[in-house]
Amino acid sequence: MMMRLLIETYRTAEHQPGRLRGELTGQEIKKYVAMCLKPGKSTGPDRCPNELTKTMTDEEFQIVKMWVNGILTEDTSRQRATMNGTISQLHKGGGTNKTSDQRPVVLLSSVYQLVNYVVNEWLKTIVEPANILEPGQGGSRQGRCVGINMQNVHFIQQEAQRQGKRVYRVDIDFKNAFNAMSQAALRRVMRTFKFPDVDLLEEMYEGATVSLAPNDEESATTTFNTSVVQGSITSPQLFNIFINALLRMLTNEDSHGLQIGKDQKVNNQPDENSYQFNNIGFIDDISIFADTPEGMQKLLNVAQEFTAWCGMQINVEKTYLLVIDNDKKRRWQEPAAPLTINGETLQAMNLVDARRYLGFRGTGNGDVRATKEVVR
């Protein structure tokens with residue numbers, strides 16, 4: 001599928017000098033310990049709080065250094081016993097103690113988390129300089145935030161009104177996205193984008209296990225072939241790389257949301273004076289845009305093709321169609337055409353109904369009074 005769409009032919013990690021394998025100096029490890037291991041965190045299977053790791057003796061530090069470099073430079077099989085997490089329950093708030101009020105979290109060993117911080121930092125030195133992620137992806141990236149994504153949505157709304165056009169927007173909701181991600185699909189995507197040392201991540205994931213608290217010899221232990229490692233700092237970054245395959249596929253599709261910067265009074269304006277895009281994302285929160293129903297259906301077909309390949313599922317009941325159109329007469333005379341994904345018809349939001357997106361509530365045309373009411 002990806003070979004057909006040629007997503008590997010541009011903006012890859014092929015010529016980046018960064019690696020995921022390599023030996024750290026003692027000074028570098030001390031820097032990661034000081035900056036990344038935060039105090040006051042719950043302990044993992046090793047029962048070792050971060051405070052103890054930050055105050056270890058020189059002799060203990062040499063053991064940690066040998067262990068960390070052993071993972072980063074050699075086969076990780078000897079360290080697999082330490083790549084274990086403890087499943088614990090975290091209360092979400094409220095006055096009851098029902099199961100529905102709890103959510104499971106995975107607590108990792110202090111030094112194993114340290115290795116994840118190193119790998120995550122090295123991933124950043126590859127991903128960002130190579131400009132691998134699509135411009136619309138704003139989640140878990142330095143210098144990006146929810147506010148920027150909301151501003152992008154607002155800009156599309158304003159530009160559609162300025163040009164007097166209708167734009168279709170669909171907010172895609174994935175079912176349990178992080179846990180449903182196929183690890184084999186992640187490795188395929190990374191190799192397609194020509195990341196180095198994918199085998200290191202493969203070894204780390206194959207060796208990772210989780211056990212129910214109290215994580216003793218009687219506790220149930222399991223491994224996974226789906227999901228990113230729960231509790232790991234690398235998880236958002238790896239999921240970004242994975243879902244970037246979908247964003248790249250959407251970008252390559254010849255269906256675009258709006259020609260931004262186009263002067264509606266100048267019909268012969270050169271295309272290079274404007275630009276087009278059809279997707280924005282905040283990790284797994286993906287919104288797609290098209291200026292025709294046919295164009296939107298093409299994009300939905302791309303999303304369907306991607307999920308069929310990787311095994312993820314789209315929650316159609318929570319995937320909504322919003323129409324951006326300031327022409328009141330056209331809105332009532334030309335209702336949105338039915339759009340489908342996986343054989344199911346998407347729910348079209350009424351023009352006055354507010355949809356929650358990244359914590360904000362607003363209509364397709366940008367009326368955010370519903371958010372103001374919640375804040376009051």
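Biologist: Where is the place of isoleucine 283?

Modeller: This is a predicted model, in which local features need pLDDT of at least 70, side-chain atom pairs count only at pLDDT 80 or more, and totals for chains, interfaces and linings use all residues. Helices (H or I, at least four residues) and strands (E, at least two) are DSSP runs numbered from the N terminus. On that numbering, isoleucine 283 sits in the loop between strand S8 (279-282) and strand S9 (285-290).

Biologist: Is isoleucine 283 buried or exposed?

Modeller: Isoleucine 283 is not a glycine, yet its phi is positive, at about 60°. Most residues other than glycine have a negative phi. With a 1.4 Å probe and protein chains only, buried means under 20% relative accessible area, exposed over 50%, and partly exposed in between. The relative accessibility of isoleucine 283 is 13%, so the residue counts as buried.

Biologist: Which class of accessibility does serine 140 have?

Modeller: Serine 140 is found in the loop between H5 and helix H6 (146-163). Its phi is also positive, near 55°. Its relative accessibility is 37%, so serine 140 counts as partly exposed.

Biologist: Which residues touch the most other members of the largest nonpolar core?

Modeller: A nonpolar core is a set of buried Ala, Val, Leu, Ile, Met, Phe, Trp, Tyr and Cys residues joined through side-chain atoms within 4.5 Å. The largest one has 82 residues, and helix H5 (residues 110-127) gives the largest share, eleven residues. The members that touch the most others are Val68, Phe195 and Phe242.

Biologist: Which residues does valine 68 touch?

Modeller: Contact here means heavy atoms within 4.5 Å. Residues up to four places away in sequence are not counted, which leaves Leu24, Ile29, Val111, Leu114 and Val115.

Biologist: What is the volume of the largest pocket?

Modeller: On a 1 Å grid over the protein atoms alone, a cavity is a set of points where a 1.4 Å probe fits but cannot get out; a pocket is an open set with protein on both sides within 12 Å along at least five of seven lines, and lining residues have an atom within 4 Å of a point. Grid points are joined across faces, edges and corners, and a volume is the space filled by probe spheres set on the points. For the largest pocket this gives about 970 Å³.

Biologist: Which element supplies the largest share of the lining of the largest pocket?

Modeller: The lining has 40 residues, and the closest to the pocket centre are Val106, Leu107, Leu108, Gln230 and Gly231. Strand S1 (84-91), strand S2 (102-108), H5 and strand S4 (209-212) each supply at least two lining residues. The largest share, six residues, comes from S2.

Biologist: Which element gives the most to the lining of the largest cavity?

Modeller: There are three cavities of 30 Å³ or more, and the largest holds about 50 Å³ of space. Helix H8 (183-192) and helix H9 (198-207) each give two or more residues to its lining. With four residues, the most comes from H8.

Definitions and conventions: Residues numbered from 1 in each chain as written. Heavy atoms only, no water.
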